Amino acid sequence: MSMFEDIPVDVGVIYEGERIRRKNMQVELGGPKQETKFELVRAKKMDEVEDEKITIIGPDLKDLAEGSSVPFGIYIEIAGKNVEEDLEGVTERRIHEYCNFIEGIMHLNQRYDIWMRLSKKSFKKGLNSFTHIGKVLARLYKSELPFIEKIQITFITDPEKIKEMSKQALEIYEARDAKARGMKDEEVDTFYGCTLCQSFAPTHMCVITPQRYSNCGSISWFDGRASAQVDPKGPVFAIEKGELLDPEKGEFSGINESIKQKTLGAVDKVWMYTGFGYPHTSCGCFEAMAFYIPEVEGYGIVDRGFKGVTVNGLPFSTLADSGAGGRQVDGFHGISIEYMRSPKFMQADGGWDRIVWMPASVKERVKEFMPKEAVVATENEAKTVDELKVFLKEHSHPIVQQWKEAPVEVTPTAEGEEAMEAAAFPVSTATVAAGGFRIIFKNAKIHAEKVIIKRVDKAKR
Ligand code: SF4
């Protein structure tokens with residue numbers, strides 16, 4: 001029976017992490033096949049929001065062809081006496097969590113990059129309208145985030161409307177991101193942590209500082225502060241910086257204590273500004289992956305939107321899967337695009353002097369923030385590592401001087417769409433607690449059709 005009587009499918013945390021393969025999907029909303037997609041939350045005045053109103057612009061779920069992939073947008077307006085603009089980012093990030101509570105819905109990524117699937121099974125059960133999804137979201141939002149007093153939700157599948165609204169959404173994301181630029185980590189006593197991705201990556205915790213944006217690129221230091229103020233026991237919380245143990249690498253005693261506690265001891269040390277040693281953990285929602293290229297001793301960067309293969313012959317999906325899951329993997333480092341604009345970006349590794357390759361579209365997005373002398377090849381200058389070596393030599397990249405040292409070995413894993421999904425649903429370290437014991441599976445990938453948990457009869461035992 002459903003948690004909500006008027007909703008045809010079940011709703012609950014047990015559905016988080018549910019994967020819907022292409023062959024089992026009724027319809028795909030957004031995702032890699034669609035250029036335009038977005039999700040956006042805006043803070044509004046009380047009289048601007050009609051509580052629990054659900055609007056659909058374009059074809060509804062039941063009108064979309066089975067197996068099709070369509071452009072998609074979710075626009076949520078919230079109001080309440082404590083609702084403020086700084087709460088938009090964290091409220092928006094909850095779309096991911098709450099959609100995944102719905103049986104037969106898979107939601108991945110964030111902002112301009114959302115990817116949803118509806119399963120055939122849930123469609124057949126009657127989940128054939130966005131109205132059902134809207135009702136669930138509205139109820140969960142109001143019960144989980146009490147600062148939301150009124151909420152109205154619009155689902156958009158009309159391509160023209162999506163184009164128009166996604167343009168506005170991009171401007172709003174940029175304004176949010178720009179707010180923390182110029183602030184320094186040294187200027188604050190408190191950082192913020194987020195464990196929203198632990199349902200997929202149990203040993204992951206984002207540490208959000210003014211100069212290191214969250215991996216998903218959706219939660220700034222200001223967003224973290226606003227969220228921790230209204231919901232201090234929620235998944236976004238304050239971290240006292242504590243003692244600065246290493247200014248170059250970015251090690252703080254407060255961060256170490258916090259991650260140790262939040263990951264049940266699986267991770268006990270984090271260096272914020274490096275991809276080696278004890279790097280910030282990578283979940284599966286990162287916007288981009290920094291990957292070490294041993295042949296040139298520099299980092300390549302690839303974002304989720306890059307469709308081709310990178311300079312080392314591997315696509316985003318494979319590289320993402322190599323570092324995802326809450327792990328600290330040397331040379332595979334999940335990052336946000338906004339972190340690339342930070343003066344502390346990969347500081348301990350040499351910053352921009354260590355970056356050698358990235359897609360032209362990413363370079364365009366961050367070029368204003370790159371040092372003038374930075375030399376970075378794109379797919380237009382180097383398609384292979386050999387071409388990259390020539391480019392770096394010809395342009396006197398600072399890394400060339402270090403080429404005498406021995407390269408570091410790194411090993412990537414799976415490929416293709418499966419890997420893309422796997423990166424978002426990894427089980428690198430799963431913790432199971434029962435009967436006074438805790439079993440930790442490290443770097444395991446487990447497939448089970450069904451998990452049965454039975455109470456053990458003491459007499460029989
Ligand atoms: S990527 Fe980080 S900040 Fe973003 S939702 Fe996941 S844990 Fe939170």
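A residue counts as near a molecule if its C-beta atom, placed from the backbone, lies within 6 Å of it. In this predicted model, the residues around the ligand are Arg93, Cys194, Leu196, Cys197, Cys206, Ser214, Asn215, Cys216, Ser218, Ile219, Cys283 and Cys285. By class, this shell holds 8 nonpolar, 3 polar and 1 charged residues.

The chain has 461 residues, of which 49% are buried. Its secondary structure comprises 10 helices and 19 strands. Among contacts with a separation of 6 or more, 73% link residues 24 or more positions apart.

The largest nonpolar core contains 122 residues. Within this core, Val207, Ile208, Met289, Phe291, Val356 and Leu388 touch the most other members. Helix H3, residues 130-144, supplies the largest share, with 7 residues. Domain 1 (13-179) and domain 2 (185-419) both give residues to the core, so the core lies between them. In soluble globular proteins, nonpolar side chains tend to be buried together. Leucine 388 illustrates the contacts of one core member. Leaving aside residues up to four places away in sequence, leucine 388 touches Val296, Val311, Val356, Trp357, Ala377 and Ala382. Of these, Val356 is also among the core members with the most contacts to other members.

Strand S1 covers residues 25-30. Because 6 of its 6 residues are buried, S1 is largely enclosed by the rest of the structure. S1 pairs with strand S7 (residues 115-119) through 5 bridges, and the two run antiparallel. Here glycine 30 has tryptophan 115 of S7 as its bridge partner. S1 also pairs with strand S4 (residues 68-70), through 3 bridges and in parallel.

Strand S2, residues 37-43, is mostly covered, with 5 of its 7 residues buried. Strand S5 (residues 72-79) runs parallel to S2, and 7 bridges join the two. One of the bridge pairs is alanine 43 with isoleucine 78 of S5.

Helix H7 spans residues 316-323 and is mostly covered. The buried residues in H7 are Phe316, Ser317, Thr318, Leu319, Ala320, Asp321, Ser322 and Gly323. Just after H7, glycine 325 adopts a positive phi of about 100°. Glycine 308 and proline 359 are 51 residues apart in sequence, yet their C-alpha atoms are 9.4 Å apart in space.

Two further loop residues have positive phi values without being glycine. Methionine 346 has a phi near 50°. Its place is in the loop between strand S16 (332-335) and strand S17 (355-357). Serine 396 likewise has a phi near 50°. That residue is in the loop between helix H9 (385-394) and helix H10 (416-424). Their surroundings were also examined. Methionine 346 has 24 other C-beta atoms within 10 Å, so it is buried. Serine 396 has 11 C-beta neighbours inside 10 Å and so counts as exposed.

Key
Residues numbered from 1 in each chain as written. Predicted model: local features only at pLDDT ≥ 70, side-chain atom pairs only at ≥ 80, totals over all residues. Core = buried A, V, L, I, M, F, W, Y, C linked by C-beta atoms within 7 Å. Buried ≥ 20, exposed ≤ 12 C-beta atoms within 10 Å, placed from the backbone. Helix = DSSP H or I, 4+ residues; strand = E, 2+ residues; numbered from the N terminus. Domains from an automatic or database assignment. Contact = placed C-beta atoms within 7 Å. Pairing = 2+ DSSP bridges. Nonpolar A, V, L, I, M, F, W, Y, C, P; charged D, E, K, R; others polar.
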